[in-house]
Structures are given as C-alpha cells and as structure tokens.
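Colleague: I am new to reading protein models. Could you walk me through a few features, one at a time?
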Amino acid sequence: MRELVRKNILGITAYVAGKPIEETRRQLGLRDVIKLASNENPLGVSPKAVKAIRKEASGVNRYPDAQSFYLKKKLARLLNIAPANLVLGNGSDELIDVIIKTLVEDDENIITADTTFLEYGIVAAVNNREVRRVPLRYFKYDLESIKRKIDRKTKLIFIANPNNPTGTYVTRFELNDFIRELPDNIILVMDEAYDAFIDVDDFPRAQDYFKNKNVIILKTFSKAYGLAGIRLGYAIADTELASYMERVRQPFNINSLAQAGALAALEDKEFLRKTRSMVLEGKNYLYDNLKKLGLAYVPSVANFILVDVGRDSVEFFTKMLKFGVIVRDMKQYGLKNFIRVTIGTKKENERFIRVLKKILRGKEKT
Ligand SMILES: *Cc1c(COP(=O)(O)O)cnc(C)c1O
C-alpha cells in the first residue's frame, strides 16, 4: 500500500488528541474522571445553545445553509465588520487548511514557531508545503528571528496569540513593529483561540490590522464558548481574500446544529462572563499551589498552564491518569519534562493539586 500513498503523507505523525474521559473510564475502570487536557470549557455549554441545538435537531434532513447567513450577519455585527470579511470553518482547524490551500504555491514556505499549535505543521505537511520552525525565546514567539527567516518564497506566517502550549503572548508593541516591516506579499495569520481569557493591557487587537494589511485572524467557538464538539471557527480577512477562501472550503462545512448553537451562544454573555472569572480565579489558585510545591510554570494569559514537572512528561501523565486526572503530556511538542493543564472548575483544580502532591511525594497508584 505504501507505494500508492503520496510521499509527503508517509512521514506525517497524526495529531494526538487529549485523552477522552469515556476512554479513560473504560480502560482504567475508573468512575470519576476529570479532563484537563484540551483547554475545553469545564462549565459545559451555554443552556441557550443547548436549547437551540435541540430545536434544530428535527431539521437535519435538510442540508445546512451553505452561506451561514444569520450566523455571519450576527458575528459581523458583533465584530463591527462586514459579513463578507468572514469565512467560517469546521473548527479553526479547517481554516488552517483552507488558508494554506488558498495561498501557498508548491515551492513556497510557511513560517511558524517550533513549539506551537501542532496543526499548522500537520496541515502543511498534508498539503506538501515546507514549514520553517523558529525556536521560541523564553517560551515566547521570537518575532525578530521569524523576520530573519523570511525569504522570497515565504508566503504565510502562523502566530498563535496567545501561544498554545505555552500561554505566552506577543505584545501590541512587538506586533506593531513586526507588521510594519512585513513584506506585502506575505500573509500573517493571527490565531486567537484564547482571546476571551486575556487579562493583560498590552495584548494586541489583531482586528485593527486586517483592513490595510495582509492579516487574517482566526477565532474559535471551541474554548470559551464551550462548543468544541460542534466544530466551529471563523477567519476575519479582507473581503477579496475571504472570497478566495470561500471557493476552497467545503460547501456545507458548517452543519445546521453548529449554526443554531453558535447563534444562541453569542447571545449568552453571562455564560462567557462566568467562564472568564472561573478561569482567572482558577489560574491564581493553581499558581499559588504550584509555587508552594516548588514547581516552575510559564505564566499564562490563556486557560491552561505549562508546568515543569522536572521528570518524564509521559510517565507523569500516566501517573495522574491512574488517579482519574487527564492532563496533556508535552512529548509531541518536544517539551519532555512538561505537562499542560487546563484550568478547570474550583473542584477540578483542587483535585489536580491533590493528585499532584501525591505523585510528588511518591505515592503512586499501580
Ligand atoms: C484549540 C485551538 C484552536 C481551535 O481549534 P478548533 O478547530 O476551532 O477546535 C485553534 N488554535 C489553537 C492555537 C488552539 O489551541
């Protein structure tokens, strides 16, 4: 079979998702399992969205609205842009693919960081495009080095802001400088999956740039909105660029349940507010306790924290799993001694710290 497969596919390592709760229950025979592995919203889903999805369910014999007319209209109004500036995707994952397919020729390259969202590299490899990975500096995107990596064949730059898995961010000042010097034939993608959790003043509003410059902004309903399961993300782009991306996406990529659920979720400001305050409180609790335990961590502006556990990440993950706590080992990201933990509810955070203590004291479950 190998001979039949395109050569660029052979070397790809498939994306490894966070371990599901149900699978963990089944495999370890545990009842009470918590997942702090995929930066999801532990408060669940906005009840308004659930109601809207239920109502829509009886209509799924019909194809969804291929234009997502109402959802685009509402998003555009909220963002103060035109519906034609929006491209919706089956998760922002799909938009990464659409962007690469729309823009990057065979012989052109893509630049991103070496420790960042893995999908950029995987999707580029599937499309047989070269990716240049620039090392982080103090766990942050190093824009100066990225600038130096640009050559005549560079078409696209991906910046996750804040970055996953580090939780660090590029400041307004840094981004300003970077965009000012960016050649006109390069498109910059600012992936803002975690924008709802930002608690600093110098975070850039990427949306301020997209009209005059070649900037695409990616957002998702998977994190703060609690809708990871419906698969919905969107890109904000110049209208002409957006129209080309519209040609590339699948015609019915946004299913009708996603359209209905997202429309309702956008109405539920209270749910977002609760989510945000839970994350900010939880973050302080985790910081305090990590400090007490003498564990180093990277300060985060997102809903997760990268923690240096000082020993093998996969082993540590496996030990936590036995206590019913799913975190993310950072092996695939090349951070051998780190885990990434999603900030959960108060109870979940407390349980995470309890289990962490046990493992650090050498109390293990076999
Ligand atoms: C979680 C995440 C996304 C969201 O992906 P979806 O396909 O919309 O679920 C995008 N970018 C980054 C950096 C992420 O961490």
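Colleague: Let's begin with a polar atom of the side chain of Thr154. Which backbone nitrogen lies 3.0 Å from it?

Modeller: That is the backbone nitrogen of Asp151. Keep in mind that this is a predicted model. The side chain of Thr154 also makes a polar contact with the side chain of Asn109, at 2.8 Å.

Colleague: Is Thr154 buried or exposed?

Modeller: To decide, compare the relative accessible area with the cut-off: buried means under 20%. Thr154 has a value of 2%, so this residue is buried. Thr154 lies in strand β5, residues 154-160. Leaving aside residues up to four places away in sequence, Thr154 touches Asn109, Ile111, Lys149, Asn185 and Ile186.

Colleague: Now for sheets. How should I think about strands that pair?

Modeller: Strands of a sheet pair through backbone hydrogen bonds, either parallel or antiparallel. Here, 4 strands form an open sheet with antiparallel pairing, in the order β9-β10-β13-β12. The edge strands, β9 (296-298) and β12 (328-329), each pair on one side only.

Colleague: How many bridges does each pairing have?

Modeller: Let's go along the sheet. β9 and β10 pair over 3 bridges, and Ala296 stands opposite Asp308 in β10. These two strands form a hairpin, with 5 residues between them. Next, 5 bridges join β10 to β13, where Ile305 has Val341 as its bridge partner. Finally, 2 bridges join β12 to β13 (residues 338-342), with Asp329 partnered by Ile339.

Colleague: Why is β10 described as largely enclosed by the rest of the structure?

Modeller: Count its buried residues. In β10 (residues 304-308), 4 of the 5 residues are buried, so the strand is largely enclosed by the rest of the structure.

Colleague: Which helix lies across β12 and β13?

Modeller: Helix α12, residues 313-322, does. α12 runs at about 40° to β13.

Colleague: And how do I read two helices that cross?

Modeller: Look at the distance between their axes, then the angle. The axes of α3 (residues 47-57) and α10 (residues 256-267) come within 8 Å and cross at roughly 150°. An angle over 145 degrees counts as roughly antiparallel, which means α3 is roughly antiparallel to α10. The contact involves residues of α3 including Ala49, Ala52 and Ile53, and residues of α10 including Leu257, Ala260 and Gly261.

Colleague: What is the handedness of the crossing where α3 passes α10?

Modeller: It is a right-handed crossing.

Terms used. Residues numbered from 1 in each chain as written. Predicted model: local features only at pLDDT ≥ 70, side-chain atom pairs only at ≥ 80, totals over all residues. Heavy atoms only, no water. Buried < 20%, exposed > 50% of the residue type's maximum accessible area, 1.4 Å probe, protein only. Polar contact = N/O pair within 3.5 Å; in protein donor to acceptor, adjacent residues only side chain to side chain. Contact = heavy atoms within 4.5 Å. Pairing = 2+ DSSP bridges. Axes fitted to C-alpha atoms, helices over the stretch in contact; angles between N-to-C directions. Parallel < 35°, antiparallel > 145°, perpendicular 65-115°, else oblique. Left-handed = near helix turned anticlockwise from the far one by under 90°.
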